[in-house]
Amino acid sequence: MNIKESKIIQHHIEGLNIVQISLLLDIDRRVVSTILKKNGFKINSPQKLDESKHQEIIKLYMQGYKLKEISEKLEIHTNTISKILKKNNVTKLSDNRSHKIKKQDELKIKELYKQGLSSANIAKQFDVSGDTIFRVLKRNKIEIRDKKEYTKLNKDQEDEIINLNKQGINNTEISKKIIVDSSTVLKVLRKQGLKSSKEINYQSKIFSQSQQQEIVEMYYGGINKTNLAKKYNVSQKTISSIINNGSEHIINKEYNSLQEAILNPNKVYKLNLSNQNLINFPNEIIIFSNLRSLNLQENYLIDIPEQICQLKNLTNLNLSKNLIASLPKNLSKLNKLEKINLSENNLESIFFDIDMLTKIKIVDLSHNKLLKLPNGIHKLTKLKILRLGGNKIKRLPNDIFKILDLEELDLNNNELGTLPNQIDQENNLKYLNLDKNNIEILPNEISNLSKLDSLTLKNNKLKNLPIEIIRLKNLKLLDLNNNKFKVHNYPHFHAAIDHEHYHTHDDDHHSHTHEGESTSLYHSHQHQHNGLKHTHQYTPDFHHLSSHTLEKK
C-alpha cells in the first residue's frame, strides 16, 4: 500500500466522503472509489439530486459561493454543480461578485475575526462565501492573519473538544458547537491520542468486541498486520486501529517471571526481575522485541551483554543496586530510552555515547565511583533530572548548566571545590543539591539560576556568599549548615539585604553563630520532589547567616 492509498483510507475512516477526499488530495474521485473498494470498503452509489437540492445549489451560487465552496458545503462534485446551473439557465457570474452584508453584520464579522475565528467559520454563520468575508475585512482595513493562525484554540476550547468526543459526539457536531472546522477537531484529538467517534463506531460495526480481541491476540501471537488485513478483508489501517484500541491491558501487564514471559514473548512490554539473585544477565530477555520497561534492580550482575542493544523499544531501564563495573559501548543504540537508573553500582566511568540517548529525561548515576561526568551529557536537551550524588567528582564541565530543560541536579557527597561560572540564564533548574563537598566559593553567576527554589550547601567550606545570590527571587530553601561562616565576613551581604528591603528582628529561639557552626533556626521537613523524597531543613529567607532572623517586608 503506497502513501496515497493510505491517505485515502485514513480520510475515509475519519468521515470524509469520496468528493471531499477527491478535492483534498486532488485525485479523481473514480480513483478514490477504486482504491476504497480494493481495500474492502463499501461505497454507496451516488444519490440522484432532487429539485430542492437543485434550488439550494442555485441559491448558494447567487449568494456569492464559488463552485468549489458549494461542492465542499453540499458534498457534490463541481462538475455536477456546473451541469445543474447550466440546466437551469443560470448565467455564470464574475468571480468579483459581492454578496451584500448589512452594516451591523459587518461589525459583528470584524469582532468575530478579532476574537480568533477563521473566515470560513464566520462565513458559515452568515451563510456566505469565504471570499465575501475577506472582502468585508479588507474593506474595513482588518489585517488578514496567516492561515496557520486560523485554527489556534485556547485550553478551554481544546478541553471541551476532548470532553465532547468522550461523550460519543462526532467531529462534525463538535465543530459546529465549538465553531471550528472538523480538521481542527481532528488535530486536537490526534494530539491527545484520541480517536473520532466515527473511527470507533466504524470498527464496532465491522467487528464485534470478541472479534476485535481476537485480532489483538493474533497480532501479539505473531501474525502481522498485512496478513490480518487479508484475513478479515479490511485495510491495514483498520487493523492497526483495532490493535491500538485493544492493547492497553497487554501493554500495562508486568511480568515478574521469566518462565511466564517466555510463553508470550510478543506480549511482554514490562519485565520486572528485581531481587531474584541473578548473577548473569538472562539472555532470554533479548527475544522480547516489544519490551519497554526492564527492571533488574537488586541482583548480583557484574556486566551487561552487548545484545541488550537489540531491545530497540526500551524506554525505561533499571540496573540499580548491582555490581556492574562496566557497560557495553553500544548501549547508546537504545535511543528510545527516557529513563535509566544505574545507581549503587561500581562504575568508575561511562564509555558509551550517552549523548546519543536523545529522548532521555532521567539519568541516575548516584553512588558509584565516577571521577567525572560522562562526556557529552550537556547535549541531552530533554534531560530533566540528573542524579550524581555519592561519587568522587572533583569538577563539573563548563556546559553542565547549559542543559536548559534540567530541573533537578543532585551532586551531594562528591569532591567539588567550586562550580563553573558559565551558567545560562535560560535554564530551568529548580533543585540543586551540593551538600558534602569541598566548595569554598560560589560564582557570582549563581544568580542566573533564576528559577531555583531549593539550594542546599550543607557541610562545605564556604566562608562567604556572593552578593548576587540575593537575586534568586524564587528561592524557598537555602541550607548552609556546617560551613565556615563568620558574621563579620559578609557586611556587603547585609547591605544587599537592606537594598532588597529586608529587615531583621531578634528571634528568641536562635543560638549565636560561631565559626564552623550555624544557627539552630531551621526546622526539619520532609517533602517529595520529582518522585524522590528529601528531608530538608527549612528556614525563612536568609536568617541562618546571622544571629537574627531576616524576613522580606
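This is a predicted model: local features need pLDDT of at least 70, side-chain atom pairs count only at pLDDT 80 or more; totals for chains, interfaces and linings use all residues.

User: Which residues of helix 8 are buried?

Analyst: Helix 8 covers residues 119-126, and its buried residues are Ser 119, Asn 121, Ile 122, Ala 123 and Phe 126.

User: What covers them?

Analyst: The cover over the buried residues of helix 8 includes helix 7 (103-114) and helix 9 (130-139).

User: How far apart are the end C-alpha atoms of helix 4, and what span should it have?

Analyst: Helix 4 has 13 residues (51-63), so at 1.5 Å a residue it should span 18 Å. The expected span counts one less than the number of residues. The end C-alpha atoms are 18 Å apart, which agrees.

User: What holds strands together in a sheet, in general?

Analyst: Strands of a sheet pair through backbone hydrogen bonds, and the pairing can be parallel or antiparallel.

User: Give me one pair. How many bridges join strand 6 to strand 7?

Analyst: Three bridges join strand 6 (residues 362-364) to strand 7 (residues 385-387), and the two run parallel. Val 363 has Leu 386 in strand 7 as its bridge partner.

User: What about the loops? Where is Ser 320, and is it buried or exposed?

Analyst: Ser 320 is in the loop between strand 4 (316-318) and strand 5 (339-341). Its relative accessible area is 2%, so Ser 320 is buried; the cut-off for buried is under 20%.

User: What does Ser 320 touch?

Analyst: Leaving out residues up to four places away in sequence, Ser 320 touches Leu 296, Gln 297, Glu 298, Asn 341, Leu 342, Ser 343 and Asn 345. The side chain of Ser 320 also makes a polar contact with the side chain of Asn 318, at 2.7 Å.

User: How far is the C-alpha atom of Ser 320 from that of Ile 340?

Analyst: The two C-alpha atoms are separated by 9.1 Å, and the residues are 20 apart along the chain.

User: Another loop residue: where is Asn 483, and which backbone nitrogen does its side chain reach at 3.0 Å?

Analyst: Asn 483 is in the loop between strand 11 and helix 19 (491-499), and counts as buried at 2% relative accessibility. The side chain of Asn 483 reaches the backbone nitrogen of Leu 462 at 3.0 Å. A polar atom of that side chain also lies 3.4 Å from the backbone nitrogen of Lys 461.

User: Last topic, the whole chain. How many helices and strands are there, and what is the average pLDDT?

Analyst: The chain has 19 helices and 15 strands. The average pLDDT is 77, and 77% of the residues score at least 70. Over residues 494-553 the pLDDT is below 50, and this stretch has 135 contacts in the model beyond near neighbours in sequence.

User: What share of the residues is buried?

Analyst: Of the 553 residues, 46% count as buried.

Technical notes: Residues are numbered from 1 along each chain as its sequence is written. Side-chain values use heavy atoms; hydrogens and water are left out. Helices (H or I, at least four residues) and strands (E, at least two) are DSSP runs, numbered from the N terminus. Two strands pair if DSSP finds at least two bridges between them. pLDDT is the predictor's confidence in each residue, from 0 to 100. Contact means heavy atoms within 4.5 Å. Buried means under 20% relative accessible area, exposed over 50%, partly exposed in between (1.4 Å probe, protein chains only). A polar contact is a pair of N or O atoms within 3.5 Å; within protein, one must be able to donate a hydrogen and the other to accept it, and residues adjacent in sequence count only if both atoms are side-chain atoms.
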